[in-house]
Structure formats: structure tokens, C-alpha cells
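Work through the exercises below with the model open. Each task is followed by a stepwise solution.

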Amino acid sequence: MKNIAVLTSGGDAPGMNAAIRAVVRTGLGSGLTVWGVYQGYSGLIEGSFKKLGARDVGSIIQRGGTILGSARCMEFQTEEGRELAIRRMKGAGIEGLVVIGGNGSQTGANALHQMGFPVVGVASTIDNDLYGSDITIGVDTALNIALDALDNLKVTASSHRRALLVEVMGRKCGYLALMAGIAGGAEAIVLPEIEVIPEQLAERIQDGYERGKPHAIVVVAEGAKYNAEALCKYFEEHDLLLGYEFRSTVLGYVQRGGVPTCSDRLLGTRLGSEAVEQMIAGNTGVLVGVSGNSVITTPLDEVVTGHKPLDPWFLKAADMLAR
Ligand code: F6P
């Protein structure tokens, strides 16, 4: 193998640039030519590639986002779109592709693999919902951003004796909400994985009010049955008493755009570099992720069908500690 390409796809995640840098420099160090593909799978279909040298990836390790750009591409979900992408790569002499991204991106990577094109995935999404890696690139930064926000919001909630319902990202996975909620000392955490009964939640908040708590911070996962706004609406419409005045805040994209933490830079570096090693060794059709302290590979067809459950210890702790 002489020519490989790298792309980032799906939601950007802090640490993706570290992974791109590691792919490029590990590839160059092994005598490969490395191509960057712009705007994810759309760039693959359009043939938007550029050869990357070591200098092209200089001073990017500390930057959030992705220098290659990212996209969610509908055309790539079709057989014709993928065939065109493969033709474009073959036309440029590209023999292997590294895909840095989350579930949707690795589903695309698996489809290419099924069509016989050598692919290695790198586990990257702030949601941490990807089977095949305990932790994914971007999670640590997103969590720290959510945590900073929670610390600030707690100050204001206390000043005004309010209940704040703070919505965090994560799609259908409650990982970010659970971990941010525990680390931020939230009074309650609302997750997609656990049924929420608004009446019980209101009672719990009011109980804290009656016990003299100056605030209530409720961390709500965006994918829960009721998001932060819906919960506030429900409380209002059903005249549920919380004691506190209540408001909702949606953290949204601020969680994605941050400066990558040390942990995300190291994870991106490690996984990006290992992806190239796996490609060279011919171990393709796999996702590179971590298990404990080790880098592991998992077949992409297991990755796209597998489910990563939340750690039951943290679920129990969240309930026990929020008093
Ligand atoms: O997968 C990352 C993520 O930020 C999710 O947490 C969120 O639901 C989604 O992407 C938002 O997607 P988009 O960037 O397409 O609005």
C-alpha cells in the first residue's frame, strides 16, 4: 500500500485534528502518501482530495473542530454514491481510507468495507455511544465544557433560588448527561435510558427546596423522553410545584467546538496513529478504539450493530449522591 486517505465525518469532535495529524505523520513516516478528503463523504463523492504534508498538519493539535471539514452526506447512503466514491479514490490511486467519526460515519465505513474497499475507523464522537471503544475522541472536552457551564449555572441558580434544567447533547445516549451531572453535583439527571415521571421529578426537586437547598440543577439529556423545554412546559401545564422558580438552558453546540483537552489530544493521537499501523498490517474493516488502557480493534460490522450500555455503577451513584 502506497496511498491512503483520511476524512472526518458526522459531528465534529475536539481531538479530531490530533487524529488527522497522527494519521498524516504516521503515514508519512512509513513512506505512504496521505490524502486529506474535504467535507467527509461528500468530498469523497466529489473527489475533493489534497495530498497532505507534515507542515499541512502543523499547529492543529490544539484546535477544536476539524481542518478537513465534516458533513452528514445523504448521497453516500446510496449504493451509487458509494460506488462513485470508490471510483474517485481509485482514480487518485488511493488504496485505503481512515474514517474518523461516530456511528453514522462508521456505518458508511462498514458499507465501503463490504464493497471490498480497505477502511479503518477511528472512534470519534462527543456522544460516547460508539460500540468498540470505552471512550471516544471529543467526550472529555465536551464533558469539561458542560461541567464549566454547570458550575456557572449553579452560582446563578443559588443567587435566585431557582431550579435550572440544563440540556446537554448526546443524541439517544445519556452518557454526557450522566457524567456531567455526577461531576457537576446535579440534584437530578434525566436520561433516555431511564423512564422519567415528571411528577416524581417535581416532587424530588420540591423536597430539596423544603430541605433548604438554595438551588436545583437538573441535567437533561437531549434524547430523553422530555427535553429541558418539554419538562418546563409539563411542570407549568400540570401546575406541578417545585418550590423554586424554574428555567431551562440548552448548552447545544458549545459542547462541540471547544479547545481539545490533553486527554482528547492524546486519544486522537493514539487512535489516529494506530489506524495507520492497522492499515499497513492489512487489518482493515475494523474500528480502532480503547478498552481500559489498551488500544483495540473491533470489526466494523460488530461496531454498527453493537450497543454500549451506560455503566450501572454510575447510574446507581447518580441516584444515591443527588440528595
Ligand atoms: O453526534 C454529535 C451530536 O452533537 C449529537 O450530540 C447531536 O444530537 C447531533 O450531533 C447534532 O447534529 P447536527 O450537528 O447535525 O445538528
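**Exercise 1.** How many Å from an oxygen atom of the ligand does a polar side-chain atom of Arg-256 lie?

*Solution.* Note that the model is predicted. Go to Arg-256 and find its polar side-chain atoms. One of them lies 2.8 Å from a ligand oxygen atom. Next, take the fraction of ligand surface that the protein covers. The ligand taken alone exposes 400 Å². The protein buries 76% of that area.

**Exercise 2.** Find two further side chains with polar atoms close to ligand oxygen atoms, and give the distances.

*Solution.* Start with Glu-222. A polar atom of this side chain is 2.4 Å from an oxygen atom of the ligand. Then take Arg-171. Here a side-chain N or O atom is 3.2 Å from a ligand oxygen.

**Exercise 3.** Which residues surround the ligand, and how do they divide by class?

*Solution.* List the shell: Arg-72, Ile-126, Asp-127, Met-169, Gly-170, Arg-171, Glu-222, Tyr-253 and Arg-256. Sort by class. The shell has five charged, three nonpolar and one polar residue. Then check the pocket. The ligand takes up the space of the largest pocket.

Key. Residues are numbered from 1 along each chain as its sequence is written. This is a predicted model: local features need pLDDT of at least 70, side-chain atom pairs count only at pLDDT 80 or more; totals for chains, interfaces and linings use all residues. Side-chain values use heavy atoms; hydrogens and water are left out. A residue is near a molecule or strand if one of its heavy atoms lies within 4 Å of it. A polar contact is a pair of N or O atoms within 3.5 Å; within protein, one must be able to donate a hydrogen and the other to accept it, and residues adjacent in sequence count only if both atoms are side-chain atoms. Accessible areas come from the Shrake-Rupley method with a 1.4 Å probe; for residues, only the protein chains shown count as cover. On a 1 Å grid over the protein atoms alone, a cavity is a set of points where a 1.4 Å probe fits but cannot get out, and a pocket is an open set with protein on both sides within 12 Å along at least five of seven lines; lining residues have an atom within 4 Å of a point. A molecule sits in a cavity or pocket if more than half of its atoms lie within 2 Å of its grid points. Ala, Val, Leu, Ile, Met, Phe, Trp, Tyr, Cys and Pro count as nonpolar, Asp, Glu, Lys and Arg as charged, and the others, Gly among them, as polar.
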